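The model is a predicted one.

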Amino acid sequence: EAAMEEGVCNSECVIAVVTDGDGAPGKSYFEREACLRELRWAINSSKFIQPVIWVNDKRRVGEFMRTAPEDLQHLCDVDWVDMNRGHPVHWKAGVDRIITRIHHTYA
């Protein structure tokens, strides 16, 4: 756990890949304690958090945010990037959006 915290605190940003854990109880992103700890370390270290979702989940951001603890609700104000693993051009576009967001945050 200390290595995870060190990694977050020494990073420029945190990319949070938000999923529903394939529907398994207790496995969705905001139900996993390790994920929540990483987000809180990022916040305490003033790191930019970029939420990422799969393209098929694009319309589920509100659903995901309803499961997020109160102290993480501000993530709904961030522009979530949707990623399409099934199409290389769209995948690259998503990666480029993430990189652009990071550069604008630290410019």
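## Helix H4 and its cover

S1, S2 and strand S3 (81-83) are among the elements that cover the buried residues of H4. Those buried residues are Gly94, Ile98 and Ile102. Viewed down the axis of H4, the buried residues fall within an arc of 75 degrees, so they line one face of the helix. Val89, His103 and His104, on the other side of H4, are exposed.

Helix H4 takes in residues 88-105. At 1.5 Å a residue, its 18 residues should span 26 Å, and the C-alpha atoms at its ends are 26 Å apart, so the two values agree.

In soluble globular proteins, nonpolar side chains tend to be buried together. Here the largest nonpolar core has 20 residues, of which Val18, Tyr29, Phe30, Leu39, Ile49, Leu75 and Trp80 touch the most other members. At least two residues of this core come from each of strand S1 (13-17), helix H2 (33-44), strand S2 (48-54) and helix H3 (61-66). H2 supplies the largest share, five residues.

Which residues are in contact with Trp80, leaving aside its neighbours within four places in sequence? They are Val18, Phe30, Gln50, Pro51, Ile53, Val61, Phe64, Met65, Leu75 and Arg97.

## Cysteines

The structure holds zero disulfides. For Cys35, the closest cysteine sulfur is that of Cys13, and at 16 Å it is too far for a bond. Cys35 is buried, with a relative accessible area of 13%.

For Cys76, the closest cysteine sulfur is in Cys35, at 18 Å, which is also too far for a bond. Cys76 has a relative accessibility of 41% and therefore counts as partly exposed.

Val78 is located in the loop between H3 and S3. Is this residue buried or exposed? Its relative accessibility is 17%, so Val78 counts as buried, the cut-off being under 20%.

Apart from neighbours within four places in sequence, Val78 is in contact with Ile49, Gln50, Pro51 and Arg101. Val78 and Val89 are eleven residues apart along the chain, and their C-alpha atoms are separated by 23 Å.

Definitions and conventions: Residues numbered from 1 in each chain as written. Predicted model: local features only at pLDDT ≥ 70, side-chain atom pairs only at ≥ 80, totals over all residues. Heavy atoms only, no water. Core = buried A, V, L, I, M, F, W, Y, C linked by side-chain atoms within 4.5 Å. Buried < 20%, exposed > 50% of the residue type's maximum accessible area, 1.4 Å probe, protein only. Helix = DSSP H or I, 4+ residues; strand = E, 2+ residues; numbered from the N terminus. Contact = heavy atoms within 4.5 Å. Expected span 1.5 Å × (residues − 1). Arc of directions from axis to C-beta. Disulfide = S-S within 2.5 Å.
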